[in-house]
Amino acid sequence: MSNTNTSFVLQKKDEISFEQRDIPTAGPGEVIVNIKATGICGSDVHYWTHGNIGHFICKAPMVLGHESAGIVSSLGPGVTSLKLGDAVALEPGVPCRNCEMCKIGKYNLCPDMKFAATPPYDGTLCNYYKHAADFCYKLPESISLEEGAMMEPLSVGIHAARRGSVKLGDKVFVFGAGAIGLLTAAAAKAAGASHVTIADISESKLEFAKTYSADKTILLTKKRSEGQDSNDFARQQAEEIMTEHGVEPVNVVFDCTGAEVCVQTSVFLVKNNGCIVLVGMGASVQSISVADISAREVDVRGVMRYCNTYPTAIEMLASGKIDVKALITHRYQFKDALKAFQHVKEARQGTIKVVILNEVTLATCSLNQWAMDFEGNLERILESIRIAKEKGAKLRVGPELEVTGYGCQDHFLEVKYNCRVIIADGKIVLIRPKIFLANDGNYRELRFFTPWTTRKVEQYYLPRMISKITGQTLVPIGDCVISTLDTCVGCETCEELFTPASPHIAMGLDGVEIFTNSSGSHHELRKLNTRIDLIKAATQKVGGIYLYANQQGCDGDRLYYDGCAMIVMNGDIIAQGSQFSLHDVEVITATVDLEDVRSYRARMVSRGIQAENTPAYQRQEVKMALTHSYIEDDIHIRPTKSRAPFYHTPEEEIALGPACWLWDYLRRSKTAGYFLPLSGGIDSCATATIVASMCRLVVKEAAKGNRHVLEDARRLAGDANYTPTDPREFAGRIFYTCYMGTSNSSNETRQRAKDLAAVIGSYHTDLDMDTVVKSIHTLFTFVTGKSPNYKVHGGSTTENLALQNIQARLRMLLAYLFAQLLPWCRNVSGNLLVLGSANVDESLRGYLTKYDCSSADINPIGAISKRDLKRFIAYAETKFEMPILGDFLCAVPTAELEPITADYVQSDEADMGMSYDDLSHYGRLRKVSRCGPYSMFSKLVHEWGDDMPPTEVAAKVKRFFFYYSINRHKLTTLTPAYHAEAYSTDDNRFDLRPFLYNASWKWQFNKIDKQAQELERLTREKELNSQVD
């Protein structure tokens, strides 16, 4: 809890103010409730304006409010019915439990009742209120806290209906269309009343009553003539009500006004042997026709609050029998309680119930920004701000470098600092430069930017073009925090979260309650949990609310920024956005209670000690509050519930991430579609299936009316009215596949390619290229007089490789020819982007031909392992209902570049001399674990020691590094690929290494051999010793 208890106190008649009081301590059978919502009752206002109600006189300062709900924040000894964090409604009166009235169940008549906000007892309009646990009623999930606060006035209505003995078929008349009158009418109907009439002097209240609980409404306009007897006037008014409005004498009349004329009129509206229930609180002494009451045996019954009603009230709400939320017409934040009381006092038109809250709504977002697309980026930023405002947020956080786009690369050399600009009310409050720059993996921020010094703050002269807009000349730039009227906000930027001494630690100890992080974090398989764990740990350790914003989409490079905006509070996720999406703008919000942060932090005594020794941040003050001063919209009132984090499986990540990346690349490149050489093998099958996934996503978003997706789909289709409704039909427009066979190709791969194309819906062509291959062979023989042969026909390894490579390279030429001309053949404008389909393991080993059909425009699987691709295909077989994919999983991976004989079928793993699983392992050790030959051997000799001797491990490691080294030059020409794996071989950006290696690795290999021999010698010696023993 916080150190003080802010309370709204009536000091004396006409004077109320906030006070900081001590937080109470729960005694036996008691709980402390963190008050979240409080309704304003007429009695609260009456105490304010009169200082008393009847004989209840306010003689000392008293906290107001009694219609409340909140969260249990502390338990006293012996409390077992509730637990910390329970949402509860408070029945504000606690009886003695021992007197006659208490023992017969009518505890509302207890002479020693301690009722909130009834002198001399304090009320509930405070942060923390101590109350008897058995008078706190747990609210089900379906009932919000503001509805919980309405349990008190609803209880008045339920008790009134009980006092009136309303039974099935009764006709009821209610004076007063305020909250109590409406709820009494609703309770009467729930009890069985067949017809309810409500009368009032307010036309607007009666208009609402028609839609709520009244079968008939009557506007009372008649006034008593000067000198006319009040009871005569009441009789006359009752007759007019019955004759002019067709109202027959009723079984029960409820007066919810306290006005004498209404009580008097009730006598003449009720049936003989009927009942009048006095609910409203009026003058202490009133005139009434006792003769009529006695002669007609009319019962007149009073109502003193309620008893045993809260369980019924909660059941009525939970079952939907009564709706109390509709009665809440106005909401105020706790800090604006005085305005709320003035609102009720003035009885503004349209007001039924005013509720005071203590919540704040925050927003963060994922944006699909594009490097240097300043107009598009601005449009997406403004759209996210608009959505955040619509959702009631007063703080919105966007991704890192959202104005320029993150992927500008060396264009950033034009600037010095990577900054976030904090703006409030059209003014720049702070320019916050990034302190710790990302400079590993795909990140090169130290090449572009200069890191800022921790805690350093300066004044910055704004450029004149900005100064004209904001009217400012100097603004602060540096490492400081923002102080609002109700909280404190601090900034981190992407990498700063990942560093050991993250800024949020010191900021949290200095009282910052809301941390914002603008990020440019890209997708990598199985990486999301790292990000989520760090954010959860940050707020779990120091307490607070963490708003994480991220870019989402292809920013013009190999990376896909995977969104997943988050709001985390005190170690729990309360909102999480999508990781993969075709939406350009996604905004998530959460409603939080700042007191929950203060309460969470107060549990850790050691935190307070550390906070005292933490240097203070310089604060920039903003004269505004993040809590809304006046909310008329229906927003989420109860704080957003925590939820478990959501993770995609790796198979789902492959299905969604590269598919979204391909869609961004296609629409932003303004090309006509994709072309894929479809070989009938698992890799090109995976690429094709990812395109199929893309088409499914496009159709799904089009069905939802996604404007941007529809615009792009219509451009691709060349039809302004086109709407994609079938993934196969859409694929037929934008996806072209081709099987390029030779005499070395099998019927099985040809058929698989054809069947897969049919399932996906691509425009498929099938060709044999033997004539082209033969022409190259003939040309070579003509020039050299030599005729090379395949190995199976007696040729050398050199001949065998050359003949395979020429097939592969010719396929690249044909791929680009068909990609340029196939749309023309179909009378479609534009050309196609060629898709590659080499996986990361083959690239690592160099098992590809330089400038073959793996050389393409882009490659969605170039950083995905063979193992993960096979798992993805197995997933898609079921998820996408594509049984043909099972045939690909069963097929032996083969390049089909050599002739098939009775004794020989080419196999990828046999050609490579190592398995795909081993390659994945080598790749992670080489890149992620940063192993050279010897350190890799040192790890694997222990890991594989139970399955093979050290010399065999040594042979495997040396074989890998030899082939990796001699083929490293190939990686300089790799097709730009979707980055998905931490051991990606992308030479252009991610994996920066020489491409001319000393492939002998003489020192390293000698060291490995010596160590392997020594380990085997020791093993043999140990075995001999054991035999001797």
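Trainee: At what angle do the axes of helix 7 and helix 8 cross, and within what distance do they come?
Mentor: Keep in mind that this model is predicted. To read a helix pair, take the two axes and ask about distance and angle. Here helix 7 covers residues 230-244 and helix 8 covers residues 260-269. Their axes come within 8 Å and cross at roughly 55°. Helix 7 is therefore oblique to helix 8.

Trainee: Which residues make the contact between helix 7 and helix 8?
Mentor: Look at each side in turn. Helix 7 brings Ser 230, Asn 231, Phe 233, Ala 234, Arg 235, Gln 237, Ala 238, Ile 241 and Met 242. Helix 8 answers with Val 261, Gln 264, Thr 265, Phe 268 and Leu 269. Sorted by class, the residues of this contact of helix 7 with helix 8 are eight nonpolar, five polar and one charged.

Trainee: Let me try another pair. How do helix 21 and helix 28 pack?
Mentor: Helix 21 spans residues 682-703, and helix 28 spans residues 866-879. Their axes lie 10 Å apart, at an angle of about 50°. That makes helix 21 oblique to helix 28. The crossing of helix 21 and helix 28 is left-handed.

Trainee: Which residues of helix 21 and helix 28 meet?
Mentor: From helix 21 come Ile 682, Asp 683, Cys 685, Ala 686, Thr 689, Ile 690 and Arg 696. They meet Lys 866, Leu 869, Lys 870, Phe 872, Ile 873, Ala 876 and Lys 879 of helix 28. The contact of helix 21 with helix 28 has eight nonpolar, one polar and five charged residues.

Trainee: At what angle does helix 21 pack with helix 22?
Mentor: The angle is about 120°, and the axes are 8 Å apart. Helix 22 is residues 707-717.

Trainee: Now single residues. Is Met 936 buried or exposed?
Mentor: Check the relative accessibility. Buried means under 20%. Met 936 has 0%, so Met 936 counts as buried. Its place is in helix 32, residues 933-943.

Trainee: Which residues does Met 936 touch, beyond those up to four places away in sequence?
Mentor: Met 936 touches Tyr 922, Leu 925, Arg 926, Cys 931, Val 957, Phe 960 and Phe 961. Take Tyr 922 from that list. Tyr 922 and Met 936 are 14 residues apart in sequence, yet their C-alpha atoms are 7.9 Å apart.

Trainee: Where is Thr 627?
Mentor: Thr 627 sits in the loop between strand 35 (619-621) and helix 20 (650-669). Thr 627 has a relative accessible area of 5%, so Thr 627 is buried. Leaving out residues up to four places away in sequence, Thr 627 touches Gln 333, Lys 335, Glu 359, Val 360, Lys 394 and Asp 486.

Trainee: Which residues other than glycine have a positive phi?
Mentor: Phi is a backbone angle. Arg 97 is one of them, with phi near 75°. Arg 97 lies in the loop between strand 9 (93-94) and helix 2 (100-103). Cys 564 is another, at about 60°. Cys 564 lies in the loop between strand 31 (560-562) and strand 32 (566-569). Arg 97 is partly exposed at 42% relative accessible area, whereas Cys 564 is buried at 1%.

Trainee: What is omega for the peptide bond from Pro 119 to Pro 120?
Mentor: Omega is near 10°, and the bond is cis. Pro 120 is in the loop between strand 10 (114-115) and strand 11 (128-132).

Note on methods. Residues are numbered from 1 along each chain as its sequence is written. This is a predicted model: local features need pLDDT of at least 70, side-chain atom pairs count only at pLDDT 80 or more; totals for chains, interfaces and linings use all residues. Side-chain values use heavy atoms; hydrogens and water are left out. Helices (H or I, at least four residues) and strands (E, at least two) are DSSP runs, numbered from the N terminus. Buried means under 20% relative accessible area, exposed over 50%, partly exposed in between (1.4 Å probe, protein chains only). Contact means heavy atoms within 4.5 Å. Axes are lines fitted to C-alpha atoms, for helices over the stretch in contact, and angles run from 0 to 180 degrees between N-to-C directions. Angles under 35 degrees count as roughly parallel, over 145 as roughly antiparallel, 65 to 115 as roughly perpendicular and the rest as oblique. Ala, Val, Leu, Ile, Met, Phe, Trp, Tyr, Cys and Pro count as nonpolar, Asp, Glu, Lys and Arg as charged, and the others, Gly among them, as polar. A crossing is left-handed if the near helix is turned anticlockwise from the far one by less than a right angle, and right-handed if clockwise.
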